[in-house]
Amino acid sequence: MRHVLRALRARNLIALAVAIALVVSLAACTGGQQATDTGTQPKAETSEVILASTTSTQDSGLFDVLIPAFEKADPEYQIKVIAVGTGEALKLGESKDADVLLVHAKADEEKFVAAGNGTERKDVMYNDFLIVGPKSDPAGVNGSTDTTAAMKAIADAGKAGKATFVSRGDDSGTNKKELKLWTAAGVEPTTTVDKWYESTGQGMGETLKIASEKDGYTLVDRATYLSMQDTLDLGILLEKDKGLLNQYGVIVVTDAKNQPGGQAFADWIVSPEGQKVIGEFGVEEFKQQLFVPNANQ
Amino acid sequence: MQIYADALREGWSLLVSDAAGVWQVVVTSLAVSGTATLIALAIGLPFGVMLGAGRFIGRRAALLIFNTGMGLPPVAVGLVVAMTLSRRGPLGDLSLLYSKTAMVLAQLIIALPIIVAVSAAAVGSVPRELQLQARSLGASRLRVGVLTLAEARLGLFAAVAGGFGAIISEVGAVQMVGGNLAGDTRVMTTAIVQYTRMGRYGQALALAIVLVGIVLFVNIWLTSAQTSAQRWERRQ
Amino acid sequence: MSGVAITVADVRLKLDKKSAFELAVDRLQVGAGEALAVLGPSGSGKTTLLEVLGLLRPVQAGRILYDGQVADRGSRDDRLLSAAVFQRPWLFKGPVASNVGYGLSARGVPRAERSRIVESMLERVGLSGRGGDSALRLSGGEAQRVSLARALAVSPRILLVDEPLASLDPMLKRRLTEEFSSIVRDTGATLVWVTHDQDEAQIVADHVAVMRDGRVVECGLTQEVLNLPGDEWVAAFLGLQTPQAGVVIGVSEGLSLVRASEAEVWVAGETEVGSSVDFAVRPEDVLLFEPGVDLPLTTARNRLSARVVSVEPRGATYQVVLDARGVLLASSVSRAAVRELSLAPGAQVLAVFKASAVTWRASAAAGGTVAASGEDSTHTRDRHLNTAHGGPAE
């Protein structure tokens, strides 16, 4: 067991967060936690920071520019992204399998920090959601005045057998946002009763594709939609409404294995340098900002 | 260990109470993979017998193709089926993507080479002399074929078990062509992936236990068939 | 049910493009109800020939005739004439009874009739009441009995047997060979029995065909072929000396005196003085004595002094090769005799054998009665060859 732990401390065997969880829990069983106090270890040249984030953020491509920029600014650290739903991202933080979180479910995030799992939560940026659907728009979302009315229209058309709504159904930030919108519209759809309500349990990309194939409506973040719009038969039916904004926050996990690394990432992403990278992301490709940095507001 | 204990406790209660529609997912899995296996068997068995017992030009090439097909990556199958059935694909008008039919189709393609190759090997291992013996007693070709299948029974069990086992625990292709739609195309493997992603280890573990149980059952059945066959083993 | 005459005509069959082996039988005949043993070393094509005779294998050239009519592999009627018992019993999974009844079900025989026949067949092979046993749990001998019963159940008019007893121990093998042979003879079917064992051939068949490298090199009555092999290779395969050539120099009282090299040998039967003959003696028929010993009372005409050329063990006995004034003879003697007579190369002995123990025929060189068929070296003997045992006919 000891050599496994040593390898762990050297951080050269960590391939998967799940693997860590397994080894750590086994170590806990064998009393191996004592091992952290013994022996000396060579200082690693770079240390790995585990960032748990959401699939939608990963799918948007933001990390492809954000992480190289951070690693250039702070070469001591190497970021490893685990893209899961917001729900699991928070769980990974709770079990200390992640060092820092970048998620978008403000209420849950604040609960997470209040429970002592995170040192603090900071706003990083926001993006906005879109309601997309078939161009024929059988629910008439296009004519809706706001998000609540649009959701209601979809539900009504769905119950009349004219429309389908495809939900992520995966506890992700987007899914939580969607559920909030349904609640606001006074609708409580379930897959067992409502035939018009499909739940994919998958990421944003898959859900969009399924919505496209099934002529369904869905709620999507702008970044993912823009990166995939060419392959979809879906159009933007509602955007820029106040109810569709999506705030991202960063949380450093308390007592994480690489808390300094997590802290460094959190500090950098809210710094003017990190905010600039976020603000410029996507402008060249899509001619519009995908994420609006708002750390200092 | 706490994580396992919690997940097990939660998983067990989910299985017992069927709170999260766990059993429906199990039923869908069995229905889809069972159907795919049956169709693959109906198509693959005649091919297997032909390849195993027949002598014709191109037999070796065909065997090579099916043996290679056994290692066909399921995700590649899923990709091609998804492309074919998608709206912009050649069969897009059928609107089959993200349906059980699509899943059966993908699993059929994965299971078929396994069933053909394994049954060909099983039939090929029946001694030619045994077939000749039957022939010399006046058996028609059909009757010799039936006898060969009966003698190769064990290998055919392996073909069925192998095919079914491969597709029921496959996740990539069904995810791609089924879409993991709740109450519709959600099967055990895709649900496990989803629940794990969502951090719902209890639900994931409950399904994983059922899945392992099913695969175990299939293998126990196969092993017991093997043992009873060994008792019958010819002394010749 | 009576047997069917089989004729093989110009059959050619190459099993595999790469291998040199080719079955090439220009002519072979088995009369209706006759028993033919096909004798030859492993790999000589005996089994392949058997499969061809049973229409179990397509040939690349030539024909098989049943009762003078071309037999067609595609014809169910032709196929149903024969049944085979192979070297290994090849029993099917299931009870003994369903094995024995297999051919009957294939012929659509009703169940009641079938079980009646199955029971009588089991009785015939000595397995009465064993119909319910698992076929795959029988001993080797039992399994072959079932295999035989299975073939007999369909009342074949041609029975093809491929040394079914080869893997059994010698005692059991001999007993079963006789038993099988008599069971088969009782059916009246034409029998082709493949074997590499000349003793077995002697028991089961009245005719024998010797195969070598896919060809039938000799064919004739069992006693003739086994006593007086047609050529050196067949002689060597049978463990005999090559027949010796001689000229008849005198005839008296139903015996002929043949001069071969420096020796003179009495043979049974009369023939023209001056004619050339080939003759041979089975090693079992040649007795050895010390030279000059007072011979016990014997009617044996031939008493030749000979020199021992070689002494070789042959299982329980020794094969002693002798040179009797230029005539090569072999004698089969016991271990004790080798010791008592101090048999070793160079030793002098007296070889004694009866005139009736000598098998002979008019030699081919003299345009005798041996018919060579086609360009290959098959010796097809006429029925009316002179034999010591049968005496001269015609």
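How many residue pairs are in polar contact across the interface of chain B and chain C? The rule finds 10, with both residues at pLDDT 80 or more; a polar contact here is a pair of N or O atoms within 3.5 Å, one able to donate a hydrogen and the other to accept it, and residues adjacent in sequence count only if both atoms are side-chain atoms.

This is a predicted model, where local features need pLDDT of at least 70, side-chain atom pairs count only at pLDDT 80 or more, and totals for chains, interfaces and linings use all residues. Residues are numbered from 1 along each chain as its sequence is written, chains are lettered from A in the order written, and side-chain values use heavy atoms, without hydrogens and water.

**View 1. The salt bridge between chain B and chain C.** Arg128(B) pairs with Glu51(C), 3.3 Å from N to O.

**View 2. The chain B side of the contact.** Two helices, α6 (128–136) and α7 (141–151) of chain B, are the elements giving two or more residues to the side that touches chain C (helices are DSSP runs of H or I, at least four residues). The top contributor is α6(B), with 8 residues.

View 3. Chain B puts in 26 residues and chain C 31, counting heavy atoms within 4.5 Å as contact. About 2,600 Å² is buried between them, 54% of it from carbon and sulfur atoms (accessible area, 1.4 Å probe, lost on being put together and summed over both parts).

Terms used. Buried area is the accessible area (1.4 Å probe) that two parts lose on being put together, summed over both. A salt bridge is a side-chain nitrogen of Lys or Arg within 4 Å of a carboxyl oxygen of Asp or Glu.
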